[in-house]
Amino acid sequence: MSSALDKYAKSSVPRYTSYPTAPHFAKEFPEAVYRGWLAQLDTDEPISLYLHVPFCKQMCWYCGCNMKLASKYGPVADYVESLIDEIDLVADAMPGTMPVRHLHFGGGTPTVISPEDLGAIMTLLRERFEFVPDAELAIESDPRTLSDEMVTTIGELGFTRASFGVQEFDPKVQAAINRIQPPDMVARAMDRFKAAGVSKINFDLIYGLPYQTAEDLQRTVEQCVEMRPDRVALFGYAHVPWVAKNQRMIPDDSLPKSEQRAEQADAAAEALVKGGYVRIGIDHFALPGDTLAVAAKTGELHRNFQGYTADAAQTLIGIGATSIGRTPSGYIQNIVETGAWARAVAAGNLPVARGHGLTKDDNLRAHVIERIMCDGKIDLAAAGRAFGYADDWYAPEQEALAELQRDGAVICDHGKLTLTADGVRLSRVVASVFDTYLRNSNVRHSIAV
(Lines give C-alpha, C1' and ligand atoms only; values in the text may rest on other atoms or scores of the structure.)
Protein backbone atom coordinates (compact mmCIF):
# COMPACT_ATOMS: atom_id res chain seq x y z
CA MET A 1 0.00 0.00 0.00
CA SER A 2 1.03 3.62 -0.51
CA SER A 3 1.89 5.74 2.50
CA ALA A 4 -1.49 7.51 2.31
CA LEU A 5 -3.41 4.23 2.19
CA ASP A 6 -1.26 2.79 4.95
CA LYS A 7 -1.96 5.81 7.14
CA TYR A 8 -5.70 6.17 6.58
CA ALA A 9 -6.99 2.73 5.52
CA LYS A 10 -8.00 1.79 9.07
CA SER A 11 -9.78 5.08 9.77
CA SER A 12 -13.30 4.68 11.16
CA VAL A 13 -15.47 6.78 8.87
CA PRO A 14 -19.07 6.70 7.60
CA ARG A 15 -20.06 5.48 4.13
CA TYR A 16 -21.79 8.84 3.52
CA THR A 17 -25.03 7.70 2.00
CA SER A 18 -26.43 10.79 3.75
CA TYR A 19 -25.18 13.89 5.55
CA PRO A 20 -25.51 14.07 8.43
CA THR A 21 -25.33 10.30 8.82
CA ALA A 22 -28.07 8.33 10.58
CA PRO A 23 -26.36 8.05 14.01
CA HIS A 24 -26.69 11.82 14.33
CA PHE A 25 -30.44 12.01 13.73
CA ALA A 26 -32.42 13.25 16.73
CA LYS A 27 -34.33 10.67 18.78
CA GLU A 28 -38.08 10.96 19.41
CA PHE A 29 -38.47 13.19 16.36
CA PRO A 30 -42.00 14.71 16.17
CA GLU A 31 -44.28 12.92 13.74
CA ALA A 32 -46.03 16.24 13.08
CA VAL A 33 -42.82 17.69 11.65
CA TYR A 34 -42.57 14.86 9.12
CA ARG A 35 -46.23 15.34 8.19
CA GLY A 36 -45.47 18.99 7.56
CA TRP A 37 -42.53 18.10 5.32
CA LEU A 38 -44.69 15.72 3.28
CA ALA A 39 -47.45 18.31 2.95
CA GLN A 40 -44.95 20.81 1.47
CA LEU A 41 -43.82 18.55 -1.38
CA ASP A 42 -44.15 19.81 -4.95
CA THR A 43 -46.54 17.53 -6.85
CA ASP A 44 -44.70 18.34 -10.09
CA GLU A 45 -41.38 16.96 -8.76
CA PRO A 46 -40.90 13.18 -9.07
CA ILE A 47 -40.06 11.33 -5.87
CA SER A 48 -38.49 7.95 -5.13
CA LEU A 49 -39.84 5.17 -2.93
CA TYR A 50 -37.92 2.67 -0.83
CA LEU A 51 -39.76 -0.26 0.78
CA HIS A 52 -37.92 -2.28 3.41
CA VAL A 53 -38.66 -5.96 4.03
CA PRO A 54 -36.57 -7.10 7.04
CA PHE A 55 -37.02 -10.86 6.59
CA CYS A 56 -34.78 -13.62 5.24
CA LYS A 57 -35.22 -17.37 5.02
CA GLN A 58 -31.57 -17.98 5.92
CA MET A 59 -29.10 -16.11 8.12
CA CYS A 60 -25.79 -15.00 6.60
CA TRP A 61 -23.04 -14.51 9.16
CA TYR A 62 -21.58 -11.43 7.43
CA CYS A 63 -24.88 -9.51 7.29
CA GLY A 64 -25.08 -6.19 9.12
CA CYS A 65 -28.66 -5.42 8.09
CA ASN A 66 -31.64 -5.23 10.41
CA MET A 67 -33.38 -8.52 9.60
CA LYS A 68 -35.44 -11.38 11.02
CA LEU A 69 -35.53 -15.05 10.10
CA ALA A 70 -38.80 -15.99 8.42
CA SER A 71 -39.24 -19.61 9.51
CA LYS A 72 -43.02 -19.21 9.10
CA TYR A 73 -44.97 -16.90 6.78
CA GLY A 74 -47.36 -15.57 9.43
CA PRO A 75 -45.10 -12.74 10.66
CA VAL A 76 -44.29 -11.81 7.05
CA ALA A 77 -48.01 -11.64 6.18
CA ASP A 78 -48.63 -9.43 9.21
CA TYR A 79 -45.76 -7.19 8.16
CA VAL A 80 -47.21 -6.84 4.66
CA GLU A 81 -50.54 -5.69 6.11
CA SER A 82 -48.78 -2.97 8.10
CA LEU A 83 -46.67 -2.02 5.08
CA ILE A 84 -49.85 -1.53 3.06
CA ASP A 85 -51.34 0.60 5.83
CA GLU A 86 -48.19 2.75 5.98
CA ILE A 87 -48.32 3.34 2.23
CA ASP A 88 -51.81 4.76 2.68
CA LEU A 89 -50.72 6.92 5.63
CA VAL A 90 -47.82 8.39 3.68
CA ALA A 91 -49.88 9.00 0.54
CA ASP A 92 -52.64 10.66 2.60
CA ALA A 93 -50.08 13.06 4.12
CA MET A 94 -48.95 14.32 0.70
CA PRO A 95 -50.51 17.30 -1.09
CA GLY A 96 -51.66 15.18 -4.03
CA THR A 97 -50.75 12.21 -6.18
CA MET A 98 -46.97 12.26 -6.45
CA PRO A 99 -45.08 11.14 -9.57
CA VAL A 100 -42.54 8.35 -8.92
CA ARG A 101 -39.39 7.82 -10.98
CA HIS A 102 -37.61 5.18 -8.85
CA LEU A 103 -38.90 2.34 -6.67
CA HIS A 104 -36.62 0.03 -4.72
CA PHE A 105 -37.52 -2.98 -2.59
CA GLY A 106 -34.70 -3.77 -0.14
CA GLY A 107 -34.11 -5.85 2.92
CA GLY A 108 -33.59 -8.43 4.19
CA THR A 109 -34.85 -10.34 1.22
CA PRO A 110 -37.95 -8.75 -0.37
CA THR A 111 -38.64 -11.92 -2.36
CA VAL A 112 -39.50 -13.66 0.92
CA ILE A 113 -42.92 -12.03 0.39
CA SER A 114 -45.39 -14.22 -1.44
CA PRO A 115 -46.08 -13.38 -5.09
CA GLU A 116 -49.68 -12.55 -4.16
CA ASP A 117 -48.62 -10.10 -1.45
CA LEU A 118 -46.04 -8.46 -3.70
CA GLY A 119 -48.80 -8.01 -6.28
CA ALA A 120 -51.10 -6.44 -3.66
CA ILE A 121 -48.39 -3.97 -2.62
CA MET A 122 -47.69 -2.97 -6.20
CA THR A 123 -51.39 -2.57 -6.96
CA LEU A 124 -51.77 -0.15 -4.06
CA LEU A 125 -48.62 1.77 -4.99
CA ARG A 126 -49.94 2.29 -8.51
CA GLU A 127 -53.28 3.47 -7.10
CA ARG A 128 -51.72 5.98 -4.68
CA PHE A 129 -48.81 7.21 -6.82
CA GLU A 130 -48.26 7.99 -10.50
CA PHE A 131 -45.32 6.06 -11.91
CA VAL A 132 -43.72 7.93 -14.79
CA PRO A 133 -43.42 5.96 -18.06
CA ASP A 134 -39.68 5.30 -17.72
CA ALA A 135 -39.70 4.62 -13.98
CA GLU A 136 -37.10 2.18 -12.67
CA LEU A 137 -38.54 -0.58 -10.47
CA ALA A 138 -35.86 -2.56 -8.63
CA ILE A 139 -35.95 -5.46 -6.21
CA GLU A 140 -33.31 -7.36 -4.24
CA SER A 141 -33.49 -11.15 -4.27
CA ASP A 142 -31.74 -14.28 -3.04
CA PRO A 143 -30.95 -16.91 -5.72
CA ARG A 144 -31.07 -19.66 -3.05
CA THR A 145 -34.76 -19.14 -2.29
CA LEU A 146 -36.09 -17.61 -5.50
CA SER A 147 -39.13 -19.47 -6.87
CA ASP A 148 -40.19 -19.59 -10.51
CA GLU A 149 -43.57 -18.15 -9.51
CA MET A 150 -41.91 -15.15 -7.89
CA VAL A 151 -39.72 -14.52 -10.94
CA THR A 152 -42.78 -14.61 -13.20
CA THR A 153 -44.69 -12.26 -10.89
CA ILE A 154 -41.82 -9.78 -10.73
CA GLY A 155 -41.73 -9.70 -14.52
CA GLU A 156 -45.50 -9.28 -14.83
CA LEU A 157 -45.46 -6.43 -12.29
CA GLY A 158 -43.10 -4.44 -14.50
CA PHE A 159 -39.89 -4.56 -12.50
CA THR A 160 -36.93 -3.44 -14.57
CA ARG A 161 -33.97 -4.35 -12.36
CA ALA A 162 -33.09 -7.18 -9.96
CA SER A 163 -30.18 -7.39 -7.55
CA PHE A 164 -28.31 -10.46 -6.24
CA GLY A 165 -25.99 -10.70 -3.27
CA VAL A 166 -23.26 -12.84 -4.85
CA GLN A 167 -20.55 -11.82 -2.33
CA GLU A 168 -18.00 -14.57 -3.17
CA PHE A 169 -18.03 -17.89 -5.04
CA ASP A 170 -15.15 -19.59 -3.20
CA PRO A 171 -16.63 -22.61 -1.32
CA LYS A 172 -14.53 -22.09 1.83
CA VAL A 173 -15.53 -18.46 2.10
CA GLN A 174 -19.19 -19.30 1.41
CA ALA A 175 -19.14 -21.86 4.21
CA ALA A 176 -17.56 -19.33 6.59
CA ILE A 177 -20.30 -16.76 5.91
CA ASN A 178 -23.13 -19.34 5.77
CA ARG A 179 -24.15 -18.48 2.21
CA ILE A 180 -23.82 -21.43 -0.14
CA GLN A 181 -24.71 -20.48 -3.73
CA PRO A 182 -22.64 -21.95 -6.59
CA PRO A 183 -22.10 -19.89 -9.74
CA ASP A 184 -24.58 -21.92 -11.77
CA MET A 185 -27.32 -21.12 -9.25
CA VAL A 186 -26.74 -17.39 -9.74
CA ALA A 187 -26.50 -17.77 -13.52
CA ARG A 188 -29.82 -19.64 -13.64
CA ALA A 189 -31.53 -16.98 -11.51
CA MET A 190 -30.20 -14.29 -13.82
CA ASP A 191 -31.42 -16.13 -16.92
CA ARG A 192 -34.87 -16.65 -15.37
CA PHE A 193 -35.23 -12.93 -14.64
CA LYS A 194 -34.21 -11.92 -18.14
CA ALA A 195 -36.65 -14.42 -19.63
CA ALA A 196 -39.39 -12.85 -17.49
CA GLY A 197 -38.60 -9.38 -18.88
CA VAL A 198 -36.42 -8.02 -16.07
CA SER A 199 -33.66 -6.73 -18.29
CA LYS A 200 -31.20 -5.19 -15.82
CA ILE A 201 -29.25 -7.22 -13.26
CA ASN A 202 -27.00 -6.04 -10.39
CA PHE A 203 -24.46 -8.13 -8.46
CA ASP A 204 -23.05 -7.33 -5.03
CA LEU A 205 -19.55 -8.58 -4.18
CA ILE A 206 -17.68 -8.26 -0.89
CA TYR A 207 -13.96 -8.15 -0.08
CA GLY A 208 -12.50 -8.60 3.38
CA LEU A 209 -14.50 -11.78 4.12
CA PRO A 210 -13.19 -14.60 6.34
CA TYR A 211 -10.48 -16.76 4.74
CA GLN A 212 -10.80 -14.74 1.52
CA THR A 213 -7.76 -14.07 -0.68
CA ALA A 214 -7.18 -11.73 -3.59
CA GLU A 215 -6.95 -14.78 -5.88
CA ASP A 216 -10.34 -16.07 -4.63
CA LEU A 217 -12.05 -12.77 -5.31
CA GLN A 218 -10.40 -12.31 -8.69
CA ARG A 219 -11.73 -15.73 -9.78
CA THR A 220 -15.18 -14.76 -8.53
CA VAL A 221 -15.05 -11.51 -10.50
CA GLU A 222 -14.00 -13.34 -13.65
CA GLN A 223 -16.97 -15.69 -13.26
CA CYS A 224 -19.28 -12.73 -12.74
CA VAL A 225 -17.91 -10.92 -15.80
CA GLU A 226 -18.81 -13.97 -17.89
CA MET A 227 -22.43 -13.63 -16.67
CA ARG A 228 -22.40 -9.92 -17.68
CA PRO A 229 -24.51 -8.18 -15.02
CA ASP A 230 -25.19 -4.52 -15.79
CA ARG A 231 -23.76 -3.30 -12.48
CA VAL A 232 -21.44 -4.68 -9.84
CA ALA A 233 -21.08 -3.20 -6.36
CA LEU A 234 -17.83 -4.09 -4.61
CA PHE A 235 -18.20 -3.49 -0.88
CA GLY A 236 -15.68 -3.87 1.90
CA TYR A 237 -16.97 -6.19 4.62
CA ALA A 238 -17.85 -4.14 7.70
CA HIS A 239 -17.09 -6.29 10.75
CA VAL A 240 -19.27 -4.75 13.46
CA PRO A 241 -20.11 -7.62 15.83
CA TRP A 242 -21.01 -5.10 18.53
CA VAL A 243 -23.96 -4.16 16.29
CA ALA A 244 -24.69 -7.38 14.35
CA LYS A 245 -24.57 -10.34 16.74
CA ASN A 246 -24.58 -12.89 13.91
CA GLN A 247 -21.14 -11.59 12.90
CA ARG A 248 -19.80 -13.10 16.12
CA MET A 249 -19.91 -16.41 14.22
CA ILE A 250 -16.96 -15.10 12.20
CA PRO A 251 -13.63 -15.46 14.08
CA ASP A 252 -11.63 -12.26 14.14
CA ASP A 253 -8.46 -14.11 13.17
CA SER A 254 -10.10 -15.38 9.96
CA LEU A 255 -10.41 -11.87 8.56
CA PRO A 256 -7.87 -10.41 6.13
CA LYS A 257 -5.57 -7.68 7.40
CA SER A 258 -5.80 -4.14 6.13
CA GLU A 259 -3.15 -4.57 3.44
CA GLN A 260 -4.81 -7.82 2.31
CA ARG A 261 -8.19 -6.07 2.04
CA ALA A 262 -6.59 -3.39 -0.14
CA GLU A 263 -4.99 -6.10 -2.31
CA GLN A 264 -8.37 -7.81 -2.72
CA ALA A 265 -10.11 -4.56 -3.64
CA ASP A 266 -7.40 -3.77 -6.19
CA ALA A 267 -7.51 -7.23 -7.77
CA ALA A 268 -11.30 -7.19 -8.06
CA ALA A 269 -11.38 -3.66 -9.48
CA GLU A 270 -8.68 -4.46 -12.01
CA ALA A 271 -10.55 -7.58 -13.17
CA LEU A 272 -13.81 -5.65 -13.51
CA VAL A 273 -12.24 -2.84 -15.53
CA LYS A 274 -10.42 -5.41 -17.68
CA GLY A 275 -13.81 -7.06 -18.21
CA GLY A 276 -15.25 -3.87 -19.69
CA TYR A 277 -16.82 -2.21 -16.66
CA VAL A 278 -16.53 1.49 -15.85
CA ARG A 279 -15.35 2.27 -12.34
CA ILE A 280 -17.76 4.56 -10.49
CA GLY A 281 -16.87 6.21 -7.20
CA ILE A 282 -15.39 4.05 -4.47
CA ASP A 283 -17.25 0.78 -4.94
CA HIS A 284 -19.46 0.57 -8.05
CA PHE A 285 -18.83 -0.66 -11.58
CA ALA A 286 -21.19 -0.57 -14.55
CA LEU A 287 -21.28 -1.42 -18.21
CA PRO A 288 -20.64 1.72 -20.31
CA GLY A 289 -24.26 2.04 -21.48
CA ASP A 290 -25.81 1.65 -18.03
CA THR A 291 -27.52 4.76 -16.63
CA LEU A 292 -25.09 4.77 -13.68
CA ALA A 293 -22.08 4.95 -15.99
CA VAL A 294 -23.75 7.67 -18.05
CA ALA A 295 -24.53 9.70 -14.91
CA ALA A 296 -20.93 9.40 -13.73
CA LYS A 297 -19.65 10.59 -17.11
CA THR A 298 -21.96 13.61 -17.22
CA GLY A 299 -21.44 14.67 -13.58
CA GLU A 300 -24.98 13.69 -12.61
CA LEU A 301 -24.10 10.86 -10.26
CA HIS A 302 -25.70 10.95 -6.81
CA ARG A 303 -25.56 9.04 -3.58
CA ASN A 304 -28.42 7.87 -1.37
CA PHE A 305 -29.16 5.08 1.09
CA GLN A 306 -28.81 2.46 -1.65
CA GLY A 307 -25.34 3.77 -2.57
CA TYR A 308 -24.46 5.34 -5.92
CA THR A 309 -27.45 6.18 -8.08
CA ALA A 310 -28.56 8.08 -11.16
CA ASP A 311 -31.65 9.11 -9.19
CA ALA A 312 -31.69 12.91 -8.81
CA ALA A 313 -34.90 13.06 -6.76
CA GLN A 314 -34.73 15.35 -3.74
CA THR A 315 -37.35 13.24 -1.97
CA LEU A 316 -36.91 9.58 -1.08
CA ILE A 317 -39.76 8.14 0.97
CA GLY A 318 -38.78 5.22 3.20
CA ILE A 319 -41.58 2.79 4.01
CA GLY A 320 -41.29 -0.14 6.40
CA ALA A 321 -39.54 -0.78 9.70
CA THR A 322 -36.08 0.84 10.01
CA SER A 323 -36.28 2.49 6.55
CA ILE A 324 -34.69 5.90 6.08
CA GLY A 325 -35.91 8.63 3.76
CA ARG A 326 -35.43 12.29 3.06
CA THR A 327 -37.29 15.32 1.82
CA PRO A 328 -35.81 18.71 0.91
CA SER A 329 -36.45 19.66 4.55
CA GLY A 330 -34.69 16.77 6.27
CA TYR A 331 -34.18 13.09 7.04
CA ILE A 332 -36.53 10.60 8.68
CA GLN A 333 -35.93 7.10 10.02
CA ASN A 334 -38.78 4.75 10.87
CA ILE A 335 -39.04 2.73 14.06
CA VAL A 336 -36.60 -0.19 13.89
CA GLU A 337 -38.44 -2.86 15.90
CA THR A 338 -41.15 -4.35 13.71
CA GLY A 339 -43.71 -4.75 16.51
CA ALA A 340 -43.44 -1.13 17.65
CA TRP A 341 -43.45 0.03 14.01
CA ALA A 342 -46.66 -1.95 13.30
CA ARG A 343 -48.37 -0.60 16.42
CA ALA A 344 -47.61 2.98 15.42
CA VAL A 345 -49.03 2.37 11.95
CA ALA A 346 -52.13 0.68 13.40
CA ALA A 347 -52.70 3.78 15.53
CA GLY A 348 -52.73 5.91 12.38
CA ASN A 349 -49.33 7.47 13.01
CA LEU A 350 -46.42 7.82 10.65
CA PRO A 351 -43.94 5.45 12.40
CA VAL A 352 -41.20 8.01 12.95
CA ALA A 353 -38.34 7.13 15.30
CA ARG A 354 -35.66 9.70 14.51
CA GLY A 355 -35.10 12.63 12.22
CA HIS A 356 -33.05 15.65 11.35
CA GLY A 357 -34.07 19.00 9.93
CA LEU A 358 -31.48 20.23 7.44
CA THR A 359 -29.76 23.55 8.09
CA LYS A 360 -28.10 25.81 5.54
CA ASP A 361 -24.69 24.52 6.69
CA ASP A 362 -25.90 20.91 6.38
CA ASN A 363 -26.96 21.48 2.79
CA LEU A 364 -23.59 22.97 1.84
CA ARG A 365 -21.62 20.18 3.49
CA ALA A 366 -23.95 17.49 2.09
CA HIS A 367 -23.30 18.88 -1.41
CA VAL A 368 -19.52 18.95 -0.90
CA ILE A 369 -19.42 15.43 0.54
CA GLU A 370 -21.60 14.05 -2.25
CA ARG A 371 -19.40 15.57 -4.97
CA ILE A 372 -16.25 14.24 -3.29
CA MET A 373 -17.80 10.78 -3.14
CA CYS A 374 -19.19 10.95 -6.70
CA ASP A 375 -16.76 13.08 -8.71
CA GLY A 376 -13.54 12.99 -6.73
CA LYS A 377 -13.30 16.77 -6.97
CA ILE A 378 -15.07 19.93 -5.87
CA ASP A 379 -14.60 23.68 -6.23
CA LEU A 380 -14.96 24.55 -2.56
CA ALA A 381 -15.06 28.29 -3.07
CA ALA A 382 -17.74 28.05 -5.77
CA ALA A 383 -19.77 25.64 -3.63
CA GLY A 384 -19.67 28.11 -0.77
CA ARG A 385 -20.87 30.95 -2.99
CA ALA A 386 -23.74 28.80 -4.31
CA PHE A 387 -25.00 28.35 -0.77
CA GLY A 388 -24.46 31.95 0.31
CA TYR A 389 -21.09 31.61 2.05
CA ALA A 390 -17.76 33.38 1.61
CA ASP A 391 -15.07 31.75 -0.51
CA ASP A 392 -13.08 30.80 2.59
CA TRP A 393 -15.96 29.09 4.41
CA TYR A 394 -13.86 25.94 4.77
CA ALA A 395 -11.03 27.66 6.70
CA PRO A 396 -11.52 25.34 9.73
CA GLU A 397 -10.88 22.36 7.45
CA GLN A 398 -7.73 23.70 5.77
CA GLU A 399 -5.29 22.19 8.27
CA ALA A 400 -6.74 18.70 7.77
CA LEU A 401 -6.76 19.21 3.99
CA ALA A 402 -3.13 20.33 4.09
CA GLU A 403 -2.18 17.12 5.90
CA LEU A 404 -4.03 15.04 3.31
CA GLN A 405 -2.18 16.92 0.59
CA ARG A 406 1.20 16.26 2.23
CA ASP A 407 0.25 12.58 2.40
CA GLY A 408 -0.55 12.52 -1.32
CA ALA A 409 -4.31 11.97 -1.04
CA VAL A 410 -5.55 15.31 -2.41
CA ILE A 411 -4.46 18.36 -4.36
CA CYS A 412 -5.71 21.73 -3.11
CA ASP A 413 -5.31 24.67 -5.46
CA HIS A 414 -7.07 28.04 -5.12
CA GLY A 415 -10.17 26.64 -3.52
CA LYS A 416 -10.35 23.59 -5.76
CA LEU A 417 -10.01 20.14 -4.20
CA THR A 418 -9.06 17.12 -6.33
CA LEU A 419 -8.51 13.58 -5.08
CA THR A 420 -5.43 11.71 -6.31
CA ALA A 421 -5.61 8.04 -7.33
CA ASP A 422 -4.94 7.05 -3.71
CA GLY A 423 -7.32 9.75 -2.55
CA VAL A 424 -10.20 8.30 -4.58
CA ARG A 425 -9.88 5.11 -2.57
CA LEU A 426 -9.89 7.25 0.55
CA SER A 427 -12.93 9.29 -0.51
CA ARG A 428 -14.71 8.57 2.76
CA VAL A 429 -11.72 9.88 4.72
CA VAL A 430 -11.53 13.06 2.63
CA ALA A 431 -15.29 13.57 2.92
CA SER A 432 -15.09 13.17 6.70
CA VAL A 433 -12.98 16.35 6.91
CA PHE A 434 -16.19 18.30 6.22
CA ASP A 435 -18.33 16.30 8.68
CA THR A 436 -18.85 18.56 11.68
CA TYR A 437 -21.02 15.95 13.42
CA LEU A 438 -18.23 13.37 13.35
CA ARG A 439 -15.65 15.52 15.10
CA ASN A 440 -17.01 15.14 18.61
CA SER A 441 -18.69 11.79 18.09
CA ASN A 442 -17.79 8.42 19.60
CA VAL A 443 -19.90 6.49 17.06
CA ARG A 444 -17.98 3.54 15.59
CA HIS A 445 -17.94 3.04 11.83
CA SER A 446 -16.42 0.52 9.43
CA ILE A 447 -12.83 1.03 8.32
CA ALA A 448 -12.12 3.16 5.27
CA VAL A 449 -10.67 0.47 2.96
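Start with the crossing of helix 8 and helix 9, which is right-handed. Keep in mind that this is a predicted model.

**Stop 1: two helices**

Select residues 214-227 for helix 8 and residues 258-274 for helix 9. Two packed helices are described by the angle between their axes and the distance between the axes. Here the angle is about 25°, and the axes lie 9 Å apart. Helix 8 is therefore roughly parallel to helix 9, because angles under 35 degrees count that way.

Now show side chains. From helix 8, pick Ala214, Leu217, Gln218, Val221 and Val225. They meet Glu263, Gln264, Ala267, Ala268, Ala271 and Leu272 in helix 9. By class, this contact has eight nonpolar, two polar and one charged residues.

**Stop 2: a buried pair**

Side chains of opposite charge can pair when their charged atoms come close. The structure holds 22 salt bridges. Select Arg231 and Asp290, whose side chains form one of them, at 2.6 Å from N to O. Arg231 sits in strand 9, while Asp290 is in the loop between strand 11 and helix 10, 59 residues apart. Both are buried.

**Stop 3: two more bridges**

Go to Arg439 and Glu397, which meet in a salt bridge of 2.3 Å, N to O. Arg439 lies in the segment after helix 16, and Glu397 in the loop between helix 13 and helix 14. Which of these is buried, and which is partly exposed? Glu397 is buried, at 1% relative accessible area. Arg439 is partly exposed, at 44%.

Finish at Arg371 and Glu370, a salt bridge with its closest N and O atoms 3.5 Å apart. Arg371 counts as buried, at 7% relative accessibility.

Methods. Residues are numbered from 1 along each chain as its sequence is written. This is a predicted model: local features need pLDDT of at least 70, side-chain atom pairs count only at pLDDT 80 or more; totals for chains, interfaces and linings use all residues. Side-chain values use heavy atoms; hydrogens and water are left out. Axes are lines fitted to C-alpha atoms, for helices over the stretch in contact, and angles run from 0 to 180 degrees between N-to-C directions. Helices (H or I, at least four residues) and strands (E, at least two) are DSSP runs, numbered from the N terminus. Angles under 35 degrees count as roughly parallel, over 145 as roughly antiparallel, 65 to 115 as roughly perpendicular and the rest as oblique. A crossing is left-handed if the near helix is turned anticlockwise from the far one by less than a right angle, and right-handed if clockwise. Contact means heavy atoms within 4.5 Å. Ala, Val, Leu, Ile, Met, Phe, Trp, Tyr, Cys and Pro count as nonpolar, Asp, Glu, Lys and Arg as charged, and the others, Gly among them, as polar. A salt bridge is a side-chain nitrogen of Lys or Arg within 4 Å of a carboxyl oxygen of Asp or Glu. Buried means under 20% relative accessible area, exposed over 50%, partly exposed in between (1.4 Å probe, protein chains only).
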